[in-house]
Structures are given as C-alpha cells and as structure tokens.
Amino acid sequence: MKLERVELHHVALPLVTPFRTSFGTMTAKDTFLLRVVTDEAEGWSEFAADPAPDYCSEFLAGAEIVIRDFLLPRIAALPQLTTAALAPVMHQVKGHELAKAAVETAFLDAELRSYGMSLATYLGAVRERVPAGVSVGIKDSVPALLDDVERYLAEGYVRIKLKIEPGWDVEPVRAVRERFGAELPLQVDANTAYTLADAEQLRKLDAYGLLLIEEPLDENNLHAHALLQQRITTPVCLDESLHNARDAASAIAMDACRVVNVKPARVGGYLEARRLHDVAAAHGVPAWVGGMLETGIGRAPNLALAALPGFTLPGDTSASSRYFAEDITDPFVLEAGHLRVPTGPGIGTAPRPDALRRFTLARRDLYA
Ligand code: OSB
Ligand code: MG
C-alpha cells in the first residue's frame, strides 16, 4: 500500500441517557474518526478515549498531536507499508496505545478491503453472532437502577454489568439479585475506585455470585489486585491495568486476574488484542470484549474480535440503540440477545455520509 492521506473527523453523538461511572458522567460520545486513504483502498477507525484523561491518560487533543507529529511520519517513512509493519515502528513512541490502535485499525481496514477479506475472517472468528451484555451506569436511586436493568433484560441483553463506587456497591447488587434472581449473569466494574483498605467491603459482594469484579483498585497495581484476590472469592477481572499481552501474562501468573477484559483500543489494536485472547485461552482464563461507548465505527471491529473462540463470556458490545438515537453507521441491532458479526470487507461498515456530515464538528488533515 502507498499512503496518500489521513483525515481526522471530530464527531459528537449525544447519548440516549447520561452514563455515570466512578470517574465521571458522559452525555455524548465526543471523539474523532480517522480516514486513511491508500492507493489501494480507504479505511476507517475510531479513537476510543474522551476529551479529558479520566478513564485513562490519553485524550482527544493529545492523541491528535501524537498521531500527526510522531506516528504518521514514522509510518510514511516505511519502505513497505503493511498493517503488520506499523506496531514495530510505532513502538518507538512510548505509550499512547489508544492512539496507536486508532491508526493501526484504519490501516487494517484499508488493507483488508484491498483483499476483500473481513476482519472477522482475518482474526479467526468462529461465530456469526455474539451474545450481548450491557454496562449499566450509576443511578441516583436503587429503584431507578432496577427500572434500567428491567428494560435491558426485556430488550434481551444476556448479562448485566453494574458500575460501582464506594457508597454504591452492595446495596445495588443486592437489590438486582433480589429482583431478578440468582441465575442472572451479573458482574460489577469499579474503574479503580477502591483501595486495599476496602477489602472487607468488597468481600461482602462474595455473597451475590458475581461473574467478576472489574478493576477495583489502582490502574497498573497488579500486586494489590493479587492481594485483594486472596481476600475475596469473586474473580478479579482487569481492564485499565492491561496494556498488552505481556501485562495479561504477568497478571495471570500473579493471580491478579482470573478474567480478562480485552479492549482492543487499550492494548494498541486488534493484532495485540488477538494476542491477549491467545494468552488468556492458553491459561484457561475466561475473556470477554470490553467497550468504550463506541459508535458503529468502533463497534463493528469489536464484534469481529468477540467472535473468536476464547471469548467465553458475553462482552460490553451492546446494540447501537443502547447508546445513540442515531448511530453514525447503519445501526447494530439486538436479535434474541445477540449482535451479528459484520461479514463485509475490512471492518464491514463505514459512516453514512449524511450522518457523518451532521455529527461532524471539525475536519482536519493529519497527513496529505
Ligand atoms: O470501564 O468498561 C469500562 C465505558 C467507557 C469507559 C470505560 C468503560 C466503559 C463501559 C461501557 O463500561 C462499555 C460499553 O458499553 O461500551
Ligand atoms: Mg471497565
């Protein structure tokens, strides 16, 4: 492939309902899409982080500079441009996995389109549909939470994840169990809101048969997560702390991580995400695909990944309607609790031109 152009499309899509976590409240998906044009095909991707560095250290304005000034010049200098060649040159730039993932995915989409191959086929998908879980934000009251969960279950979601924080943990979990029963697949996500001093409080959750507790402690503190796991029976699942397959291998070896959340953006892209999948599968550790409230541009490739055999738990890959009244792509629709894995070339979708125009705040060339 020969690189011709890279465009940034800054978009903002209103969320159907505010999404509150231990790190803040989101009311819109405000991010950028990348469009890569090569001599053979074009590709699209979505940056997963937010305008502010609250879920992770990366943020929109910083990522734009990293991509424009440090990643793309290295890529443009490659004698042979292939997707597989990107990560080794991008490795010269420290960190910035989410920015690297956006770059790699757009090139991967373009390259696979030039072969007429779907991302699902390329990654080794074994399913045509994947079960859909849903991540439910922190609410002002338990009755409001129960209404939300009831609505999602009526829509067909097969697994519920509750966002928790100190002061909103045992009570909502107990209420959901009481109302919807012991058989409901249920898990919680703390987004780093606790410390080891809270171990006794977190141990109270052991009574509720949770599938897992996600990232209860500080990002990157594998040791503390291992100590916590010794004191609770609920399996610890890591999200924020896993930046690559090596982190997953270390965390599993330390018993800091009995379930793996694979977010392709967080680990630098789909090629590394595949390696996390393989590490988890080799250890017999259950894994699932996480989400970042993506538009259809980020959701499509996540669905392709979720179709791999080692993803044995339902992911946070919900339908478009869980997030947006109108998605920027054709919507992903829930069918009997499942989403269909895209089969078209590359990521199998693209922005609808009219929707892209209406959701776009600004457009800039990062390479021309
Ligand atoms: O921690 O998994 C998380 C959303 C934004 C940032 C971090 C997280 C989340 C979610 C929602 O839990 C997952 C989704 O539905 O996309
Ligand atoms: Mg999480």
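Modeller: One definition before we start: a helix crossing counts as left-handed if the near helix is turned anticlockwise from the far one by less than a right angle, and as right-handed if clockwise. Also keep in mind that this is a predicted model.

Biologist: Okay, then which hand does the crossing of α5 and α6 have?

Modeller: Start with the two helices: α5 covers residues 142–155 and α6 covers residues 170–180, and their axes come within 10 Å. In α5, Val 142, Leu 145, Leu 146, Val 149 and Leu 153 meet a set of α6 residues that includes Pro 172, Ala 175, Val 176 and Phe 180. By the clockwise rule, the crossing is right-handed.

Biologist: And are those helices oblique or roughly parallel to each other?

Modeller: Their axes cross at roughly 45°. Roughly parallel would need an angle under 35 degrees, and roughly perpendicular would need 65 to 115. The pair α5 and α6 is therefore oblique.

Biologist: Which residue in β6 stands opposite Ser 135?

Modeller: Ser 135 belongs to strand β5, residues 133–136, where Ser 135 and Gly 133 point one way, Val 134 and Val 136 the other, and all are buried. β5 pairs with β6 (residues 159–163) in the parallel sense, over four bridges. Across from Ser 135 sits Lys 161.

Biologist: Which helix does the chain pass through between β5 and β6?

Modeller: We're looking at a β-α-β crossover here, and a right-handed one. The chain leaves β5 and reaches β6 by way of helix α5.

Biologist: Which strands stand at the edges of the seven-stranded sheet?

Modeller: That sheet is open, pairs in parallel, and runs β5-β6-β7-β8-β9-β10-β11. Each edge strand has a single partner, so one side of it is left without a neighbour in the sheet. The edges are β5 and β11.

Biologist: What angle does α10 make with β10?

Modeller: Helix α10 (residues 270–282) packs on that sheet, where α10 touches β10 (259–262) and β11.

Biologist: Which residue in β3 does Val 36 stand opposite?

Modeller: β2 (residues 24–38) and β3 run antiparallel, joined by five bridges. Opposite Val 36 you'll find Gly 43.

Conventions:
Residues numbered from 1 in each chain as written. Chains lettered and ligands numbered in written order. Predicted model: local features only at pLDDT ≥ 70, side-chain atom pairs only at ≥ 80, totals over all residues. Buried ≥ 20, exposed ≤ 12 C-beta atoms within 10 Å, placed from the backbone. Pairing = 2+ DSSP bridges. Right-handed = clockwise from strand over helix to strand, strands pointing away. Axes fitted to C-alpha atoms, helices over the stretch in contact; angles between N-to-C directions. Parallel < 35°, antiparallel > 145°, perpendicular 65-115°, else oblique. Contact = placed C-beta atoms within 7 Å.
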